[in-house]
Amino acid sequence: MFRILVSDKISEEGLQPLLNSSHIMLVNKNVADAGEELETADALLVRSATQVTEELMKKMPQLKIVARAGVGVDNIDVEAATKLGIVVINAPDGNTISTTEHTFAMMASMLRHIPQATVSVKSNEWNRNAFVGTEMRGKTLGIVGLGRIGSELAKRARAFEMNVIVFDPFLTEERAYKIGVTTASLDELLSTADIITVHTPLTKETKGLLNEKTLSKTKKGVYLINCARGGIIEEAAVIPLLESGHIRGIALDVFETEPPENTSLLQYEQVIATPHLGASTKEAQLNVASQVSEEVLAFFNGEPVTSSINLPTISKEVYEKIMPFYQLAKKMGNFVSQCMAEPVNEISVAYEGSVGELQTAAITKSLIAGFLSPRVASTVNEVNAGMIAKERGISFSEKISNETSGYENCLTVKVVGNKSVFSIKGTYIPHYGERIVELNGFNIDFYPDGHLLYIQHSDKPGAIGRVGRLLGDHSINIATMQVGRKQRGGDAIMMLSFDKAVTERVVSELNDLEGIVSVRTIDL
Ligand SMILES: NC(=O)C1=CN([C@@H]2O[C@H](COP(=O)(O)OP(=O)(O)OC[C@H]3O[C@@H](n4cnc5c(N)ncnc54)[C@H](O)[C@@H]3O)[C@@H](O)[C@H]2O)C=CC1
Ligand SMILES: O=C(O)C(=O)COP(=O)(O)O
């Protein structure tokens, strides 16, 4: 049973996939009141109100996934989640249209003074001269950030016969052309636009992007809109420009602190505001809740999540192809880690054949996670494996080649330690399974699973018999056994598998047998 803590108001209809699942239990409680629920929750579902801090996540030892029913993840400490091995997902496009429409509604309301006029009429006034507005047609709309919302807005602005100019440093000319917008530098946009609307995430670069200096470059009589994140337009910088009449109007759905603590800006007649309502429609809430519910369900079913912030995105189709290699790589990493009782500096993996066409970066992460898991006390998985490896001074690299060495696909891993180098080769054969086909240059063929003994010995008569007899004397049944050697009478290896783990005492006795060089227990 997986326990999911729902900390913000999330559409119940959208949560149906989770509510209908027999192995999921939902708990609707804000994290501040959740008490002991924090200790047992496997997942946390939030919108923008809950602050998912490192401190909170550390109080949630079972937490595996944080799901944001919306776009912005600035209320989640993604770096801390990554370090802790917690997957962070969002619902990137479920509220795009609602937020676009809200931005458009804010623009129309601002240009036609609808909120102010409403208040006036409700106060029994009939002041038609006070609310003369501005047409959209022919005006230049400057969009900062042409992502999902920015591009939907551009489409709608064109229908209103507006000119659209865009600043987005990450936008390719090809995409701009496809959407039919003119790109510009920030300075060009500031000096040309009649209305400026921001649609970027809140980042180091975008915080205060529209500040005293940049706002001074705007046209006199400019209108501003922020339906993205509070702080992209610096609130304090707006006040003097509103007073001087340089800024004719500003529409805000988001604020530097929510609810706004410093309300001086809100006192101005030219300011219209909504309480972070961009995504607040029935449709958007249903969309984002359904999206994260499906994702969380997939996650707990061991399937891929497609909108992760801190994991490579893998489609279901690719996932099905990649999964066997993912598992094989994890076991190979784990195997080598148990064989090498020493610090390692370097892990390299060569992908040969068809596996090289898959998302090998994800397979490598799985390998590193498998390698690190017997060595680190904390959770290690593909989310934080790269980070932990780096922290421990382990570099990793991959090589991809079309050539195969007899197998349709093959992974060769070389691990360089302080004292030795270990190499392992594995393959996946459909309908047959994962196989390890080479260990340190010895040909062998075994299924990497369960309780194993890896024995190095001399290829001399009696060695295998002595091992068999000793295990038999201890009533230990050998489930499978393979041997490999490089040349007659030289070094050789045995790989044995058992139904239960072999004790340290038996390992020690095996080590003392004539012709035995080393014995290692491996649990996969
Ligand atoms: N008011 C509300 O209720 C809602 C607000 N939002 C917010 O709206 C914003 C946009 O959302 P989406 O369009 O879905 O995001 P998106 O990720 O699709 O688009 C963001 C765009 O900003 C651009 N960008 C990034 N850094 C930039 C910079 N320094 N200068 C200029 N452009 C930059 C990116 O290249 C990208 O094209 C986000 O902050 C999101 O959190 C989203 C939904 C609802
Ligand atoms: O999706 C986003 O980024 C939003 O800002 C929407 O926030 P909300 O889910 O309405 O608290």
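Visitor: How does the shell around ligand 2 split by class into nonpolar, polar and charged residues?

Guide: Some ground rules: this is a predicted model, where local features need pLDDT of at least 70 and side-chain atom pairs pLDDT 80 or more, while totals for chains, interfaces and linings use all residues. Residues count from 1 along each chain as written, chains are lettered from A and ligands numbered from 1 in the order written, and side-chain values use heavy atoms, without hydrogens or water. Gly goes with the polar group, and charged means Asp, Glu, Lys and Arg, with Ala, Val, Leu, Ile, Met, Phe, Trp, Tyr, Cys and Pro as nonpolar. The shell around ligand 2 then comes to three nonpolar, five polar and three charged residues.

Visitor: Which residues are around ligand 2?

Guide: To make the list, a residue needs a heavy atom within 4 Å of the molecule. Around ligand 2, that gives R47, S48, R68, A69, G70, V71, G72, N95, R229, H276 and A279.

Visitor: Which residue has a polar side-chain atom 2.7 Å from an oxygen atom of ligand 2?

Guide: Let's go through the polar contacts (N or O pairs within 3.5 Å). R47 puts a side-chain N or O atom 2.8 Å from a ligand 2 oxygen, while G72 uses a polar backbone atom, at 2.7 Å from an oxygen of ligand 2. The residue with a polar side-chain atom at 2.7 Å is H276.

Visitor: How much of ligand 2 does the protein bury, given R47 with its side-chain N or O atom 2.8 Å from a ligand oxygen?

Guide: Starting from that R47 contact at 2.8 Å, take the ligand by itself: ligand 2 alone exposes 310 Å² (Shrake-Rupley, 1.4 Å probe). Of that area, the protein buries 90%.

Visitor: On to ligand 1: which residues come nearest to it?

Guide: Ligand 1 has 26 residues around it. By class, its shell divides into 11 nonpolar, 10 polar and five charged residues. Of the 26, the nearest are R148, I149, D168, T200 and D253.

Visitor: Which domains each give at least three residues to the shell around ligand 1?

Guide: The bounds here come from an automatic or database domain assignment. The shell around ligand 1 draws at least three residues from each of domain 1 (1-91 + 279-310) and domain 2 (96-273).

Visitor: What share of the exposed area of ligand 1 does the protein bury?

Guide: First, the backbone contacts: G72 has a polar backbone atom 3.5 Å from an oxygen atom of ligand 1, and G278 has one at 3.4 Å from a ligand 1 oxygen. I149 brings a backbone N or O atom to 2.9 Å from an oxygen of ligand 1. Taken alone, ligand 1 exposes 870 Å², and the protein's buried share of that is 87%.

Visitor: Now the backbone: which peptide bond is cis?

Guide: Head for the loop between strand 11 (247-252) and strand 12 (271-273), where P259 lies; strands are DSSP E runs of at least two residues and helices H or I runs of at least four, numbered from the N terminus. With omega near -10 degrees, the cis bond runs from E258 to P259.

Visitor: And which residue has a positive phi although it is not a glycine?

Guide: Look in the loop between helix 6 (114-122) and strand 6 (140-144). With a phi of about 65 degrees, the residue there is N124.

Definitions and conventions. Polar contact = N/O pair within 3.5 Å; in protein donor to acceptor, adjacent residues only side chain to side chain.
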